[in-house]
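Hi,

Here's the structure I promised to pass on. Have a look at it first, and my notes on what turned up are just below.

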Amino acid sequence: MSAGVAATLMASVLATVDLSLVLPLQSGLGDLVFGVLLWFLEQWYWLMDWVYYFTGLEMLNPRYRFMHRAILVGLCVGVMAPLIGTFLVHRQLALIGDALAHTAFAGVAVGLFLNAVIDLGVSPYLTAVVVAMIAALFIELISEVTDAYNDVSMAIVLSTGFALGTTLISLNAGGLAVGVNQFLFGNLSTVSPQSAAILLALFAVIVGTVAVTRNQLLYVTFDETAAAVSGISVNWYNRVMVMLTAMVVVGAMQIMGVILVAAMLVVPVAGATQVSRSFSESLVVSVVLAELAVLLGIAVAYYGGATAGGVIVLVAVGIYICAVALGKVQSARGEQATPDMGSIEADSADVGTGTGDD
Amino acid sequence: MSTQDADSGSAAGTDEQTTTAMDSDATANETVIDISDLTFGYTATPVVEDVSLTIDPGEYVAIVGPNGSGKSTLMQLMLGLLEPDTGTAHLFGERADRFDDGERVGYVAQQASAAKEMPITVREVVKMGRFPHVGFGRLSSEDWAIVDDALATVGMSAFADRRVTQLSGGQRQRAFIARALASEADLLVLDEPTVGVDAESVDAFYDLLAALNAEGITVLLIEHDLGAVVEHADRVVCLNREVYFDGPTDEFVESDALARAFGTEARFLTGVDG
């Protein structure tokens with residue numbers, strides 16, 4: 001059952017990406033989706049204007065539309081990065097985000113290259129999504145064949161991606177190298193309406209997919225063998241997971257940059273792990289910590305004139321250190337008296353029979 | 001996406017009803033595990049060779065063998081986690097590697113396999129036992145009642161909101177057993193379930209298995225501890241790459257299968273048991 005549904009789900013995920021790629025936002029469905037997203041963006045500007053009039057915060061001045069977009073992108077990243085990161089960190093896959101970010105850089109270079117050579121006019125973020133998702137599937141297939149995620153294959157994919165990116169860019173000398181910093185380090189001021197719309201689409205796909213498959217993702221993350229025995233197609237969900245990771249990485253790249261994007265997948269989750277008891281609590285806490293880091297980071301970057309990506313990560317690490325300290329305090333003084341362990345009741349064993357007569 | 005969710009949810013619901021309805025007839029005549037001429041190796045050297053056995057509903061079977069004898073591999077083949085090189089493995093009449101009716105099988109692993117630094121409570125772990133039943137949906141209040149019953153059965157109700165990483169090995173193993181109970185499976189597969197469990201809980205644990213078996217659940221136990229096997233299981237399969245013995249426990253004790261399968265180690269082990 002689950003394998004079939006997962007397959008349909010994958011197909012729909014692929015279709016979404018495919019459409020926006022094949023139809024460069026010009027015809028039919030792509031146009032419609034893009035129109036809706038731009039309409040949403042207008043509403044967001046309106047909301048931000050109101051916040052400006054009430055608070056008088058200079059960085060929300062309606063003259064700076066790019067800041068409104070940057071904050072929207074930041075808020076979305078603050079939800080989807082820790083959401084996916086939670087599933088990655090607890091499978092010891094924290095570094096896969098880094099590997100995929102570097103291949104996404106190759107995707108950006110492919111986009112820039114194609115635009116320069118055949119004048120395709122496609123957003124580099126779209127080519128980045130496609131290339132990163134292909135790389136993600138590739139890493140996953142390698143791990144399925146060799147039966148283990150290994151850091152060697154991840155390191156190879158990482159450096160291959162980056163090497164391909166730099167090579168393509170150097171082939172295109174003359175003008176192109178100028179635009180690369182924005183992708184390497186992220187930039188608040190270059191978040192265009194188009195790339196904000198792409199991010200909103202990615203956000204919808206990611207949050208929607210996790211909302212539907214949360215049970216399966218949790219089971220596969222916690223205990224892969226038991227999940228397989230219970231009929232969950234582990235390989236399919238692993239593939240879904242790495243593809244979603246690729247999407248998060250490209251979405252967050254706009255403000256975080258290739259080099260720092262993995263931090264958003266890992267640092268808030270590590271902080272939440274220190275202070276949370278249950279899994280659902282850790283999901284919520286990691287999102288809260290990430291949003292805190294993003295908003296504080298963007299504000300500090302704006303007023304201090306620093307690069308947002310770096311500041312966000314520094315704030316996130318600061319929050320993580322606080323969380324570690326809080327976790328230590330909690331476990332030092334908070335531990336309740338150990339409750340008595342009940343005995344195993346062989347008599348009430350009918351719980352396993354499924355007769356349901358009680 | 002939400003329509004898809006609703007569709008699959010209701011589909012899973014009807015599946016569940018039909019299986020429950022069928023259960024009473026099906027378990028009476030359906031072979032739980034059917035393996036014939038099965039050979040498997042991770043490399044060219046087979047780990048499991050020419051194994052044939054069937055397990056009928058309601059049996060209490062233990063698979064024993066020395067370290068590296070292929071017990072765990074055989075279990076993985078039975079559950080369809082591995083594909084046989086030659087021969088066939090069927091689970092509830094379906095090819096094991098294509099079997100996807102996961103709610104019929106409950107699984108308890110050696111505790112080491114799931115020891116992670118993940119923030120998750122005991123109740124959330126037990127909840128996973130209901131996932132094959134709910135699919136993409138949410139747990140109903142009925143599902144939660146089953147979860148709480150399972151926790152009570154293993155005596156872990158007081159620990160329901162504790163983080164799993166804070167538990168002792170024995171307590172953690174109880175949580176995993178509760179998860180298998182919550183899945184309401186027809187077949188329970190346990191891979192050395194009492195490793196790291198304190199001595200008094202071990203006895204209670206085997207009593208629980210016996211009670212479950214008396215209710216009609218098929219129990220398959222992979223064990224290293226021969227004493228426990230001899231005391232509790234009805235049927236013993238002694239494995240060391242090939243099947244050395246397959247029959248009632250009494251005959252196993254009297255046969256020389258143990259010595260042949262375990263070699264010199266056997267005398268030491270039986271010495272401990274006696």
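Let's start in chain B, where Arg235(B) and Asp246(B) meet through their side chains in a salt bridge, at 2.9 Å from N to O. That pair links distant parts of the chain: Arg235(B) sits in strand β9 and Asp246(B) in strand β10 (residues 242-248), eleven residues apart. Keep in mind that this is a predicted model.

Arg235(B) has another partner too: Glu59(B) forms a salt bridge with Arg235(B), with the closest N and O atoms 2.9 Å apart. Here the two residues are 176 residues apart, Glu59(B) being in the loop between β2 (48-55) and β3 (60-64). So Glu59(B), Arg235(B) and Asp246(B) are linked in a network of salt bridges.

How buried or exposed are they? Arg235(B) has 12% relative accessibility, so it counts as buried, and Glu59(B) counts as buried at 19%. Asp246(B), with a relative accessible area of 36%, is partly exposed.

Over in chain A, Asp49(A) and Arg65(A) form a salt bridge, the closest N and O atoms being 3.1 Å apart. Asp49(A) is buried at 13%, while Arg65(A) is partly exposed at 28%. Over all chains, the search finds twelve salt bridges.

One last thing: Trp46(A), Leu47(A), Trp50(A), Tyr53(A) and Phe54(A) form a nonpolar patch on the surface, together about 660 Å² of accessible area. Leu47(A) lies in helix α2 (residues 28-55) and is partly exposed, at 39% relative accessibility.

Cheers

Note on methods: Residues numbered from 1 in each chain as written. Chains lettered and ligands numbered in written order. Predicted model: local features only at pLDDT ≥ 70, side-chain atom pairs only at ≥ 80, totals over all residues. Heavy atoms only, no water. Patch = residues over 30% accessible without salt bridge, like charges linked within 9 Å, V, L, I, M, F, W, Y side chains within 5 Å. Areas by Shrake-Rupley, 256 points an atom, 1.4 Å probe, with all protein chains shown as cover. Salt bridge = Lys/Arg side-chain N within 4 Å of Asp/Glu carboxyl O. Helix = DSSP H or I, 4+ residues; strand = E, 2+ residues; numbered from the N terminus. Buried < 20%, exposed > 50% of the residue type's maximum accessible area, 1.4 Å probe, protein only.
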